[in-house]
Amino acid sequence: MAALIEIERLTKRFGAFTAVDDVSFTVGRGEVVGFLGPNGAGKSTTMKMLAGFVTPTAGTARICGKDVVDHPVAAKRSLGYLPEGAPTYPEMTVSAFLAFCARIRGYRGIELGERVEDAVQLTQLEGVRLQPIETLSKGFKRRVGLAQSLLHDPPVLVLDEPTDGLDPNQKHEVRQLIRRMAPEKAILISTHILEEVEAVCTRAIVIAHGRVLADATPKALEQPGKTLDQVFRELTTAPREAA
Ligand SMILES: Nc1ncnc2c1ncn2[C@@H]1O[C@H](COP(=O)(O)OP(=O)(O)OP(=O)(O)O)[C@@H](O)[C@H]1O
């Protein structure tokens, strides 16, 4: 069966600058792929192209077989996307924001209420559902973003630093949630936290200067006598080959 995320030779240039350079990889059902790289490596730009927020300069991206440029609505139907930062509409309460997102997803009536309730419970937002988003701590805002990405129970999740700003207990909860959902979904998460890769990822893709440097299981990436941290540093600080 085809992978649920298929990226082929994806490239993004901003003027003369190449942010994502000929990137190819796939993510199948049951995989949690960690997308690793230093600041500015091109992780978010790749994820934004998958989510249809940035148009590729070249190459293709497909979600459940649907090209994100040619069939954007069909591709988005199968995708839950957690962008960087906090959800927009800060003055809305958590419940109102999630209901708004569910309505955009096409839900109405009892089903809309159920979808919101499921997402609230999965991300443990019960205690803050009537609070305006702008009054929440960074970790709670992050969880509202996560809840929004799960509303329609999509087969594909693209999560840009899902545990950023969360305290250790919250990080643990979100990692458990990702692990629980993993068998049914294809999940791509960007992270700077190498222990997260070891904790939840079945594969890791290391990217720097827009190029994929490694694509392997966390175990295979580790070399004898070296931690994942050391391997990451060696890969991402090596001098660049001339183009
Ligand atoms: N709209 C834009 N216009 C110009 N340059 C951009 C734009 N968006 C991103 N870039 C540049 O592209 C490069 C890749 O950025 P990106 O946000 O994808 O990196 P990242 O790997 O997600 O980094 P971080 O870990 O810091 O979030 C950076 O040098 C960034 O400044």
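In helix H5 (residues 138–150) of this predicted model, the buried residues are Phe140, Lys141, Arg142, Arg143, Val144, Gly145, Leu146, Ala147, Gln148, Ser149 and Leu150. A residue is called buried if 20 or more other C-beta atoms lie within 10 Å of its own, exposed if 12 or fewer do, and partly exposed in between, with C-beta atoms placed from the backbone. Helices (H or I, at least four residues) and strands (E, at least two) are DSSP runs, numbered from the N terminus. H5 is thus mostly covered, with 11 of its 13 residues buried. The expected span of a helix is 1.5 Å times one less than its number of residues. Ala147, which belongs to H5, is buried because 26 other C-beta atoms lie within 10 Å. The C-alpha atoms of Ala147 and Leu122 are 7.5 Å apart, although 25 residues separate the two in sequence.

Residues are numbered from 1 along each chain as its sequence is written. Since the model is predicted, local features need pLDDT of at least 70 and side-chain atom pairs count only at pLDDT 80 or more, while totals for chains, interfaces and linings use all residues. The pLDDT is the predictor's confidence in each residue, from 0 to 100. Its mean over the chain is 92, and 98% of the residues reach 70 or more. Where pLDDT is low, the predicted coordinates should not be read in detail. For the complex, the predictor gives an ipTM of 0.97 and a pTM of 0.94.

The loop between H5 and strand S7 (156–160) contains Pro154, and Asp153 is found in that loop as well. Pro154 counts as buried because it has 21 C-beta neighbours inside 10 Å. Its C-alpha atom is separated by 10 Å from that of Ile187, 33 residues apart along the chain. Asp153 has 13 C-beta neighbours inside 10 Å and therefore counts as partly exposed. Most residues other than glycine have a negative phi. Asp153 has a positive value, with phi near 45°. Arg9, also not a glycine, has a positive phi of about 50°. Arg9 is placed in strand S1 (residues 5–14) and counts as exposed, because 12 C-beta neighbours lie inside 10 Å.

Helix H4 (residues 109–122) has 14 residues and reaches 20 Å from its first C-alpha to its last, close to the 20 Å expected. Its buried residues are Arg115, Val116, Ala119 and Val120. Seen down the axis of H4, these fall within an arc of 130°, so they line one face of the helix. The arc is that of the directions from the helix axis to the C-beta atoms. Exposed residues on the other side of H4 are Ile110, Glu111, Glu114 and Gln121.

Val174, Arg175 and Ile178 are the buried residues of H6. They cover an arc of only 100° around the axis, which puts them on the same side of H6. On the other side of H6, the exposed residues are Asn169, Gln176 and Arg180.

Arg103 is located in helix H3 (residues 94–104). It is partly exposed, because 13 other C-beta atoms lie within 10 Å. The C-alpha atoms of Arg103 and Gly113, 10 residues apart along the chain, are separated by 10.0 Å.

The ligand is surrounded by Phe14, Ala19, Gly37, Asn39, Gly40, Ala41, Gly42, Lys43, Ser44 and Thr45, where a residue is near a molecule if its C-beta atom, placed from the backbone, lies within 6 Å of it. Helix H1 (residues 43–51) gives the most to this shell, with three residues. By class, the shell has three nonpolar, six polar and one charged residues. Ala, Val, Leu, Ile, Met, Phe, Trp, Tyr, Cys and Pro count as nonpolar, Asp, Glu, Lys and Arg as charged, and the others, Gly among them, as polar.

An unreviewed UniProt entry carries the annotation "domain: ABC transporter" for residues 5–234. UniProt positions are given in the numbering used here, feature names are shortened, and annotations may be inferred rather than shown by experiment. The annotated span is 37% helix and 27% strand, and its end C-alpha atoms lie 28 Å apart.
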